[in-house]
Amino acid sequence: MAELNMELRDPNDLNDHVKVMFEDVLGEPEGAHSIDCVWNLSYKCFNGGKNCCYKLLTTLCGLCIGLQWGCTFAQITFGHVWCFTPGLRACSNLCWLLPESYWYLCIMLHGTIL
(Lines give C-alpha, C1' and ligand atoms only; values in the text may rest on other atoms or scores of the structure.)
Protein backbone atom coordinates (compact mmCIF):
# COMPACT_ATOMS: atom_id res chain seq x y z
CA MET A 1 0.00 0.00 0.00
CA ALA A 2 1.40 3.39 -1.00
CA GLU A 3 2.09 5.94 1.69
CA LEU A 4 -0.16 9.02 1.82
CA ASN A 5 1.57 12.19 0.60
CA MET A 6 0.49 14.96 2.96
CA GLU A 7 2.10 17.71 0.83
CA LEU A 8 1.01 16.77 -2.70
CA ARG A 9 -2.68 15.95 -2.24
CA ASP A 10 -3.71 16.00 -5.92
CA PRO A 11 -0.83 14.22 -7.68
CA ASN A 12 -2.95 13.38 -10.75
CA ASP A 13 -4.31 16.94 -11.13
CA LEU A 14 -7.90 15.73 -10.78
CA ASN A 15 -9.08 19.16 -9.64
CA ASP A 16 -6.88 21.39 -11.74
CA HIS A 17 -10.02 23.05 -13.12
CA VAL A 18 -10.93 24.46 -9.70
CA LYS A 19 -9.50 27.95 -9.48
CA VAL A 20 -9.21 28.98 -5.86
CA MET A 21 -6.46 31.58 -5.93
CA PHE A 22 -7.42 35.25 -5.46
CA GLU A 23 -5.70 36.20 -8.72
CA ASP A 24 -7.71 33.59 -10.65
CA VAL A 25 -11.03 34.93 -9.38
CA LEU A 26 -10.65 38.69 -8.94
CA GLY A 27 -8.70 41.19 -10.98
CA GLU A 28 -8.87 44.92 -11.53
CA PRO A 29 -8.08 46.15 -15.02
CA GLU A 30 -5.85 49.14 -15.71
CA GLY A 31 -7.69 52.35 -15.01
CA ALA A 32 -10.08 50.80 -12.47
CA HIS A 33 -8.14 50.29 -9.26
CA SER A 34 -9.60 50.42 -5.77
CA ILE A 35 -7.76 51.95 -2.83
CA ASP A 36 -4.68 49.88 -1.99
CA CYS A 37 -5.86 49.03 1.53
CA VAL A 38 -9.22 47.80 0.13
CA TRP A 39 -7.46 45.56 -2.40
CA ASN A 40 -5.09 44.25 0.28
CA LEU A 41 -7.89 43.59 2.78
CA SER A 42 -10.02 41.97 0.04
CA TYR A 43 -7.14 39.57 -0.61
CA LYS A 44 -6.89 38.71 3.08
CA CYS A 45 -10.68 38.33 3.48
CA PHE A 46 -10.93 36.15 0.37
CA ASN A 47 -8.16 33.80 1.49
CA GLY A 48 -9.23 33.76 5.13
CA GLY A 49 -12.89 33.13 4.28
CA LYS A 50 -12.03 30.45 1.71
CA ASN A 51 -9.64 28.63 4.02
CA CYS A 52 -11.89 28.85 7.08
CA CYS A 53 -15.00 27.74 5.20
CA TYR A 54 -13.19 24.90 3.41
CA LYS A 55 -11.71 23.60 6.67
CA LEU A 56 -15.09 23.82 8.41
CA LEU A 57 -16.87 21.98 5.58
CA THR A 58 -14.21 19.27 5.37
CA THR A 59 -14.26 18.85 9.15
CA LEU A 60 -18.04 18.49 9.23
CA CYS A 61 -18.53 16.49 6.03
CA GLY A 62 -15.19 15.08 4.85
CA LEU A 63 -15.19 11.89 6.89
CA CYS A 64 -18.77 10.95 5.98
CA ILE A 65 -18.29 11.77 2.31
CA GLY A 66 -15.00 9.87 2.23
CA LEU A 67 -16.74 6.85 3.76
CA GLN A 68 -19.61 7.15 1.28
CA TRP A 69 -17.28 7.27 -1.74
CA GLY A 70 -15.24 4.38 -0.36
CA CYS A 71 -18.42 2.29 -0.03
CA THR A 72 -19.59 3.36 -3.51
CA PHE A 73 -16.35 2.26 -5.17
CA ALA A 74 -16.37 -0.95 -3.12
CA GLN A 75 -19.86 -1.70 -4.48
CA ILE A 76 -18.73 -0.98 -8.04
CA THR A 77 -15.71 -3.24 -7.60
CA PHE A 78 -17.88 -5.94 -6.04
CA GLY A 79 -20.30 -5.76 -8.98
CA HIS A 80 -17.51 -6.10 -11.51
CA VAL A 81 -15.68 -8.91 -9.70
CA TRP A 82 -18.69 -11.00 -8.73
CA CYS A 83 -21.36 -10.17 -11.36
CA PHE A 84 -20.37 -8.38 -14.56
CA THR A 85 -17.08 -10.08 -15.40
CA PRO A 86 -18.37 -13.62 -14.74
CA GLY A 87 -21.55 -12.82 -16.69
CA LEU A 88 -19.58 -11.53 -19.67
CA ARG A 89 -17.31 -14.57 -19.52
CA ALA A 90 -20.33 -16.88 -19.48
CA CYS A 91 -21.87 -15.07 -22.48
CA SER A 92 -18.66 -15.21 -24.46
CA ASN A 93 -18.32 -18.94 -23.72
CA LEU A 94 -21.89 -19.60 -24.90
CA CYS A 95 -21.76 -17.46 -28.05
CA TRP A 96 -20.32 -20.27 -30.15
CA LEU A 97 -23.60 -22.17 -29.65
CA LEU A 98 -25.58 -19.64 -31.69
CA PRO A 99 -25.85 -20.30 -35.43
CA GLU A 100 -24.09 -18.03 -37.91
CA SER A 101 -27.42 -16.85 -39.31
CA TYR A 102 -28.31 -15.40 -35.88
CA TRP A 103 -25.17 -13.26 -35.86
CA TYR A 104 -25.87 -12.09 -39.40
CA LEU A 105 -29.41 -11.09 -38.36
CA CYS A 106 -28.10 -9.22 -35.30
CA ILE A 107 -25.59 -7.30 -37.40
CA MET A 108 -28.23 -6.39 -39.98
CA LEU A 109 -30.75 -5.26 -37.34
CA HIS A 110 -28.11 -3.26 -35.50
CA GLY A 111 -27.18 -1.50 -38.74
CA THR A 112 -30.80 -0.56 -39.50
CA ILE A 113 -31.49 0.66 -35.96
CA LEU A 114 -28.58 3.08 -36.09
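This is a predicted model: local features need pLDDT of at least 70, side-chain atom pairs count only at pLDDT 80 or more; totals for chains, interfaces and linings use all residues.
I started with what a patch is: residues with over 30% relative accessible area and no salt bridge, where like charges are joined within 9 Å and nonpolar side chains (Val, Leu, Ile, Met, Phe, Trp, Tyr) within 5 Å. A salt bridge here is a side-chain nitrogen of Lys or Arg within 4 Å of a carboxyl oxygen of Asp or Glu.

Residues are numbered from 1 along each chain as its sequence is written, and side-chain values use heavy atoms, with hydrogens and water left out.

**Overall layout.** I looked up the helices and strands (DSSP runs numbered from the N terminus; helices are H or I with at least four residues, strands are E with at least two). The protein has 3 helices and 0 strands, and the pattern along the sequence is α-α-α.

**Surface.** I checked the accessible area next (Shrake-Rupley method, 1.4 Å probe; for residues, only the protein chains shown count as cover). The protein exposes about 10,700 Å², and carbon and sulfur atoms supply 68% of that. Then I asked how much of the protein is buried (under 20% relative accessible area; exposed is over 50%, partly exposed in between, with a 1.4 Å probe and protein chains only). Buried residues come to 3% of the 114 residues.

**The patch.** Which residues form the nonpolar patch on the surface? I found Ile65, Trp69, Phe73 and Ile76, with about 410 Å² of accessible area together. I followed up on Ile65, which sits in helix H2 (residues 36-94). Ile65 counts as partly exposed because its relative accessibility is 43%.

**The rings.** I searched for aromatic pairs (rings of Phe, Tyr and Trp, the last by its six-membered ring, with centres within 6.5 Å; planes under 30 degrees apart are stacked, over 60 edge-to-face, the rest tilted). The whole structure holds 4 of these pairs. One of them joins Phe22 and Tyr43 edge-to-face, 5.2 Å centre to centre with 85° between the planes. Phe22 lies in helix H1 (residues 22-25) and Tyr43 in helix H2, so this pair ties together parts 21 residues apart in sequence. Phe22 is buried, at 3% relative accessibility, while Tyr43 is partly exposed at 36%.

Phe22 also pairs edge-to-face with Phe46, at 5.6 Å centre to centre and 70° between the planes. Phe46 is in helix H2 and Phe22 in helix H1, so parts 24 residues apart in sequence are tied together. I noted Phe46 as partly exposed, at 23%. Last entry: ring pairs link Phe22, Trp39, Tyr43 and Phe46 into a cluster.
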